[in-house]
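Here's a quick briefing to read with the structure open beside you. Have a look at the coordinates first, then work through the points below.

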There are 2 protein chains.
Amino acid sequence: MLTELSPLTRKLSAFVALSDADVATLTRFDLRRRSFTPGHQMIHEGQSGSSAFVLAKGWAFSYKLLPDGERQIVGFHLPGDFLGLRSVLFRTSDHSIEAITRIEASEVLTSDILKSFAQAPRLATAVLWAASRDEAMVVEHLVNLGCRSAEERVAHCLLELGARLAHLELGDRTGYDCPLTQYHLADALGLSAVHVNRVLRHLREERLVTFQKGRVCFENFRRLTELAQFDEAYLDQDGPLLR
Amino acid sequence: MLTELSPLTRKLSAFVALSDADVATLTRFDLRRRSFTPGHQMIHEGQSGSSAFVLAKGWAFSYKLLPDGERQIVGFHLPGDFLGLRSVLFRTSDHSIEAITRIEASEVLTSDILKSFAQAPRLATAVLWAASRDEAMVVEHLVNLGCRSAEERVAHCLLELGARLAHLELGDRTGYDCPLTQYHLADALGLSAVHVNRVLRHLREERLVTFQKGRVCFENFRRLTELAQFDEAYLDQDGPLLR
C-alpha cells in the first residue's frame with residue numbers, strides 16, 4: 001500500500017501517522033505533474049512569485065551564485081523533497097534550483113500549501129519536520145566545510161546520499177546509481193574538481209568506496225562511515241512521533 | 001501595542017497577521033519563563049526528550065562538537081528565536097545550545113507546540129516560516145565558508161547580526177552591543193581566533209567597522225555591505241504574506 005503513495009507522502013509518513021484525509025490533501029499536491037530536462041532551471045535566485053515543486057522522480061540541486069561567478073551548492077534533492085518551499089514562504093527566492101537528470105515534479109501553488117495547512121494541521125507539522133530535516137542537512141554541510149578534511153567531506157557526502165536513497169529504496173549498503181559529476185561534488189564541498197578527483201582516487205585505492213560510471217559502490221561501508229564520522233541520526237528516521 | 005508582545009510574537013507577526021486567538025495561543029509559550037547564567041548548556045547534542053525554548057532576553061549559540069574536539073558554531077540566537085525546535089521534532093538533538101549572556105527563556109513542551117498547531121494552523125505556517133528563515137541563515141553561513149574570504153565572512157557575520165538586532169530595535173546603522181568573543185566568531189566562520197583578530201584590525205584600519213569593548217560600530221555601512229556582498233533579502237522582513 002505504502003509503495004503506491006507518492007514519495008512525499010511516504011517521506012512525511014516517517015514523521016506523522018497520516019490520516020486518510022491527510023493523504024487525500026497531499027495527493028492534491030501531485031495534480032500538476034510536469035517533466036523537466038536535465039539542466040532546466042526550476043527556480044531562479046531573486047525570482048518572485050515562484051511556485052514550489054514536489055520532486056517525484058530524478059535528481060536536482062539548489063545553489064547560490066556569487067557576484068564573482070563562484071557557485072555554492074547548498075544541497076541535492078531527491079524524490080519526495082520540496083523544491084523552493086522557502087521561495088514560496090519568502091516571496092523572493094534566495095537560491096536557485098536546477099534539474100540534474102530528467103525529472104518529474106509537481107507544481108504546488110502557495111495557496112494550495114496554505115489551504116492544506118489550514119485543513120490538515122498535522123500536515124503543517126509534518127512539513128515543518130521535513131524542513132527541519134533539510135536544515136539539519138545544511139548544518140552537516142556547514143560542519144563539513146568548517147571542520148572536516150577533503151576526504152571526510154567527500155565520504156560524508158556519499159554516505160548521506162546513500163542513506164537518503166536507501167530510505168527511498170533506491171540504494172543500499174552496496175551502493176547506488178549517482179548522476180553527479182565531480183563538479184557537483186566540488187561546488188558542494190568547497191573543493192576544486194581536481195581535488196575531488198584526487199580524493200576519490202585515494203578512497204578507491206584504500207578500497208573504501210568507488211564512484212565510477214555513474215555508480216557509487218561502497219567497498220568498506222564500516223570503515224568509510226568511521227572515516228567520515230557519519231552518524232545518520234540527523235536524518236531522523238525512527239518512525240512517527242505524531243501518531 | 002506591538003512592543004508589549006513577546007519577541008516571538010513580534011517576529012511571527014512579520015510573516016502572519018496574527019489573530020487575537022493566535023496571540024493568546026502564543027502567550028502560552030511564555031508561561032515557563034526561566035533565567036540561565038552565561039555558559040549554561042540549554043540543550044546537549046545527543047540528548048533525547050529535551051524541551052524547546054523561546055529566547056526572550058540575551059544571546060545564545062548553537063554548535064556541533066566533532067570527535068576531535070573541534071567546534072562548529074551553527075548560529076547565534078537572539079530574542080524571539082526558538083531554541084531546539086529541531087531537537088523536539090527529532091526526539092534526539094543533533095546539536096548543542098549554550099547561553100552566551102545571562103538569558104531569559106521560556107520552556108515549551110512538545111505537546112504545547114503540537115497542540116497549538118492543531119488549534120491555530122496559521123501559527124504552524126508562521127513557525128514554518130521562522131524555521132525557513134533560520135535555514136536561510138545557515139545557507140548563508142555555508143556560502144560564507146564555501147566561497148567567501150576571511151574579510152567577507154567577518155563583515156557578513158557582523159552585518160547579519162546588525163540587521164537582525166535592528167528588527168528587534170536593539171541596534172541600528174551606527175552599531176550594536178555585542179557580547180561575542182573572537183573565539184565565537186572564529187568557530188562560526190571556520191577561522192582561527194588569531195585570523196579573526198587580524199581581520200578585525202584590518203577592517204578597523206580601513207575605517208569600515210570596529211568591534212571593541214563589546215560594541216560593534218559601523219564606520220562605513222555602505223562600503224562594508226559592498227565588501228560582504230550582504231543582501232538582507234534572506235531575512236525576509238517585507239511584511240505579512242498571510243493576512
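In chain B of this predicted model, strand S2 (residues 41-43) runs antiparallel to S7(B), and two bridges join the pair. S7(B) also picks up strand S4 (residues 60-65) of chain B, again antiparallel, this time through four bridges.

**Around strand S7 of chain B**

**Two open sheets in chain A**

- One open sheet takes four strands in the order S1-S8-S3-S6 (chain A), paired antiparallel.
- Its edges are strand S1 (33-36) and strand S6 (82-83) of chain A; each has a single partner strand, so one side of each goes without a neighbour in the sheet.
- S1(A) is held to strand S8 (residues 103-108) of chain A by four bridges, with the two running antiparallel.
- Within that pairing, Ser35(A) stands opposite Glu104(A) of S8(A).
- Another open sheet of four strands reads S9-S10-S12-S11 (chain A), and the pairing is antiparallel here too.
- Here the edge positions go to strand S9 (171-172) and strand S11 (209-212) of chain A; with a single partner strand each, they have one side left without a neighbour in the sheet.
- Two bridges connect S9(A) with strand S10 (residues 175-177) of chain A, and these strands run antiparallel.
- Asp172(A) has Gly175(A), in S10(A), as its bridge partner.

**Salt bridges**

- Over all chains, the count of salt bridges is 30.
- One of them pairs Asp112(B) with Arg32(B), with the closest N and O atoms 2.5 Å apart.
- That pair links distant parts of the chain, 80 residues apart: Asp112(B) belongs to helix H4 (residues 110-119) of chain B, while Arg32(B) is in the loop between helix H2 (20-27) and strand S1 (33-36) of chain B.
- Arg32(B) is partly exposed, at a relative accessible area of 35%.
- Asp187(B) and Arg71(B) make another salt bridge, their closest N and O atoms being 2.7 Å apart.
- Asp187(B) is in helix H7 (residues 182-189) of chain B and Arg71(B) is in strand S5 (residues 71-77) of chain B, so this pair ties together parts 116 residues apart in sequence.
- Asp187(B) is partly exposed at 22% relative accessibility, and Arg71(B) is partly exposed with a relative accessible area of 22%.
- Asp177(B) and Arg215(B) also meet through their side chains in a salt bridge, at 2.9 Å from N to O.
- This pair spans 38 residues, from strand S10 (residues 175-177) to strand S12 (residues 215-218) of chain B.
- Asp177(B) is exposed, with a relative accessible area of 52%, whereas Arg215(B) is partly exposed at 30%.
- Over in chain A, salt bridges with shared partners join Lys11(A), Asp81(A) and Arg164(A) into one network.

**Cysteines**

- The disulfide count over all chains is zero.
- Cys178(B) is in no disulfide either, with the nearest cysteine sulfur, that of Cys157(B), 7.9 Å away.
- Cys147(B) counts as buried at 10% relative accessibility, and Cys178(B) counts as buried at 3%.

**Nonpolar core**

- The largest nonpolar core has 140 residues, and Leu12(A) and Leu12(B) have the most contacts inside it.
- Setting aside residues up to four places away in sequence, the residues that Leu12(A) touches include Leu18(A), Leu26(A), Leu123(A) and Trp129(A).

**How the two chains relate**

- Chain B superposes on chain A by a rotation of 180° with 0.0 Å of shift along the axis, at an RMSD of 0.0 Å.
- That is the relation of a two-fold axis.
- Both copies use the same surface: 100% of the contact residues of chain B recur in chain A.

Terms used:
Residues are numbered from 1 along each chain as its sequence is written. Chains are lettered from A and ligands numbered from 1 in the order in which they are written. This is a predicted model: local features need pLDDT of at least 70, side-chain atom pairs count only at pLDDT 80 or more; totals for chains, interfaces and linings use all residues. Side-chain values use heavy atoms; hydrogens and water are left out. A disulfide is a pair of cysteine sulfur atoms within 2.5 Å. Buried means under 20% relative accessible area, exposed over 50%, partly exposed in between (1.4 Å probe, protein chains only). Two strands pair if DSSP finds at least two bridges between them. A salt bridge is a side-chain nitrogen of Lys or Arg within 4 Å of a carboxyl oxygen of Asp or Glu. Copies are superposed by least squares on the C-alpha atoms of residues with pLDDT of at least 70 in both. Contact means heavy atoms within 4.5 Å. A nonpolar core is a set of buried Ala, Val, Leu, Ile, Met, Phe, Trp, Tyr and Cys residues joined through side-chain atoms within 4.5 Å.
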